[in-house]
Amino acid sequence: MRGGEAIIESLKNMGVKTIFGYPGGQTIPFYDMLYDSDLDHILVRHEQCAAHAADGYARASGRVGVCLATSGPGATNLVTGIGTAYMDSSPILAITGQVPTHLIGNDAFQEADIIGITMPIVKHSYQPKDPDLIPSMVKTSFKIASTGRPGPVLIDVPKEVQERELSKFDDSLIETPGYNPTIKGNLRQVKKACSLIKEAKRPLILAGAGVIISNASEELKEFAETINAPVMTSLLGKGAFDETNDLALGMLGMHGRKVSNDSVNESDLLIAIGIRFSDRTTGRLDSFVPDTKVIHIDIDPAEIGKNVEVDLPIVGDAKNILSSINKNLKGYSASDDVNSWADKIKQRKFDLIPRMTYDDVPLKPQSVIKEIAEVLTADSIVTTDVGQNQMWAAHFYDTQKPRKFISSGGLGTMGFGYPSAIGAKVACPDDPVVSINGDGGFLMVCQELATVKDYDIPVIGIVLENRTLGMVYQWQSLLYNNRHSQTTFGNSPDFVKLAESFGIDAVRITEPGETREVLSKAIKDNEAILLDIVVDPDEALPMLPPGAGINEMIGEYKLEKDVI
C-alpha cells in the first residue's frame, strides 16, 4: 500500500463516502490511486468551493467533511473556506498536496507553507514525512475535528510520501496530551444553576450553535418548557429550538427580531448555551444585560467571560449539561411571576410579528422569504450566502429543526451559500436543499453550476437580484448619507442565460406568487434549477448600527398587524 492509497483507505475506515476536491501537480499520485478506488470524488470548479462544500456537508450531517487541493495556489484557495469553518466550529478535514520533502523551504514551483498560513485557523495540522504515519494522522484528525469544540484540521502530504510504500498499516490514535475537552459539567455548578433558575422571575434562554453541534435540541426543548422561559438564538443557533414554538422569539442581535432585542435587557436571568457572545449578537457590551445575572454553558472555556461577564460558568457539552439540569429540575413548576413574564413576552412577540405580506413590484425580499417558507417543510435545508440575502432569510424564515439552516456567521464569507448547498445535498440527498444568495455572492461562485450539472445534484439556487452589494449599500444609505460608493453593479449577467449556458434550468421571477409556484414545482421535479428573483434594491432591514446598544435599532420595523 502506498501513501495515497493509505489516505483513501483511512478515509473509508472513518466512514467517508464522498470528498470534494480539485487536482494539481502535487496531488497527481493521489488522484491516480483514486482512479481505482470506490471513494466518490466531486470535482468542484474552484478549491474554495471544495472547502465550502465540505463545510456544508459537515453542518448538514454532523459528520466530518473532507476537501482536497494541490500545493501552492490550490492550498491557498482553501484558506477562506478553512477560515469559515474555523469561525463557525465546523468539522472539516483539508488535505493538501505539497512539493517533495527535499524541496520544502526552497521556494519550489507551487510551494506554499500552508501549515504556517493556516495555523491560526485550524485546530491542528500534520505533515507526514513517512507514509507509515498517514493512517494514524487521518484517524486522529477526525477525532480532533469532531470532538470538543469542532473545527478544521489540515494534513499536508508531500508528493513523494503519497507514492512511497507503507511498511505497515497502523491507524492507532496519536497521543494528544494537550487536548482533553471537558464533556461533563461540574455537578456543583449545575446545582447552583438550578438554584438561580428557581429564584429567577424573568428568565430568558439564548441558544447558539453549540446546542446544534451537541445534538441537544430535545434537551433544550424540555428545559425551556420546564422553566417556561422564552428562547432566543444566534444566527448559527437557528434551528436549535423550533422557531414555530410559542416560546421561540427568533434571532437576537444586529439584525435580530425586535421582540428579542427589546426583551433581553428586561430579563433577570439569561441562560446562554453553546454561544460565544459575538459582537453581532450583543451590540455594545456595556449596554448588554447590565442588570441581568448570566449563566454561560459552553464547551470552550476560552469563550466564558471573554466578552460578557458571567455570574455562573459551566464548562462542558451542552447536551450533557442540559440533561443534568433537566434531571435536577424534575418536579419543578414555574412560579406565577415566571408565567406572567412568559405571557407578557409571548404577547409582545405577537404584537411585533414583522411584516411579510406585500404585493409590491419590484418584489419585497420579505414577501419572497414568506413564499419560500410556505413551500418548504421542516426537513428542508436552507443555506444562505452573506449579506442582505442572509439576513432576510435569518430574520423572516422560521427554522424548525437543527442542521436545517446553514450560513457563514463568524467570517461572513460571500460565496459560501451555493457550494455549501452542494455539500448539504450530498450529505442529505432526501431533503430539499434551497440556497438563498445575493447577486454579488453568487457571481463569486457561479462556476459551481457546472459541478451541479456534472454530478446531477438537485440543488435549488435562488438569487435575490437587486444589482447591488446589498448590505454595504444599505449601510451606505443609513449611515453614510446615501453615498453609494462601488456598491451598484453597472453590468450584471442575465442569470437565466448564465444558468442555461451550464445546462441548468432557470426562471426569472418578478411577480408575487411566482416564487411559490416555481419552487413547488422544482421540489417536485427534484432537479437543479436557478430562480432569478428580482427584488427592490432600496428595501432595507432594520439594524443596530455599529457601537449601538441591543435595543437601539434604526430603520423602520414594519409590522404584520399594520397591513391594511
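These are my notes on a few spots I looked up in this predicted model.

**Helix α7**

I started with α7, residues 134-146. At 1.5 Å a residue, its 13 residues should span 18 Å, and I find the end C-alpha atoms 18 Å apart, which agrees. Next I checked the cover: 10 of the 13 residues are buried, so I put the helix down as mostly covered, taking buried as under 20% relative accessible area. Among the buried ones are Ile134, Met137, Val138, Phe142 and Ile144. Thr140, Ser136 and Ser141 are on that list too. What do they pack against? The buried residues of α7 pack against α1 (3-13) and α8 (159-163), plus the strands β3 (65-69), β4 (92-98), β5 (124-126) and β6 (153-158). Just past the helix, I noted glycine 148 with a positive phi of about 60 degrees.

Valine 289 has phi near 40 degrees and sits in the loop between α13 (279-282) and β11 (293-298). Aspartate 456 comes in at about 50 degrees, in the loop between α20 (448-454) and β16 (460-465). Buried or exposed? Valine 289 is buried at 5% relative accessible area, while aspartate 456 counts as exposed at 63%.

I also flagged a cis peptide bond from valine 361 to proline 362, omega near 0 degrees. Proline 362 is in the loop between α15 (336-351) and α16 (365-375).

**Surface patch**

Last, I found a nonpolar surface patch of about 270 Å², made by Leu478, Leu479 and Tyr480. Leucine 478 belongs to helix α21 (residues 470-479) and is partly exposed, at 35% relative accessible area.

Notes. Residues numbered from 1 in each chain as written. Predicted model: local features only at pLDDT ≥ 70, side-chain atom pairs only at ≥ 80, totals over all residues. Heavy atoms only, no water. Patch = residues over 30% accessible without salt bridge, like charges linked within 9 Å, V, L, I, M, F, W, Y side chains within 5 Å. Areas by Shrake-Rupley, 256 points an atom, 1.4 Å probe, with all protein chains shown as cover. Salt bridge = Lys/Arg side-chain N within 4 Å of Asp/Glu carboxyl O. Helix = DSSP H or I, 4+ residues; strand = E, 2+ residues; numbered from the N terminus. Buried < 20%, exposed > 50% of the residue type's maximum accessible area, 1.4 Å probe, protein only. Expected span 1.5 Å × (residues − 1). Contact = heavy atoms within 4.5 Å.
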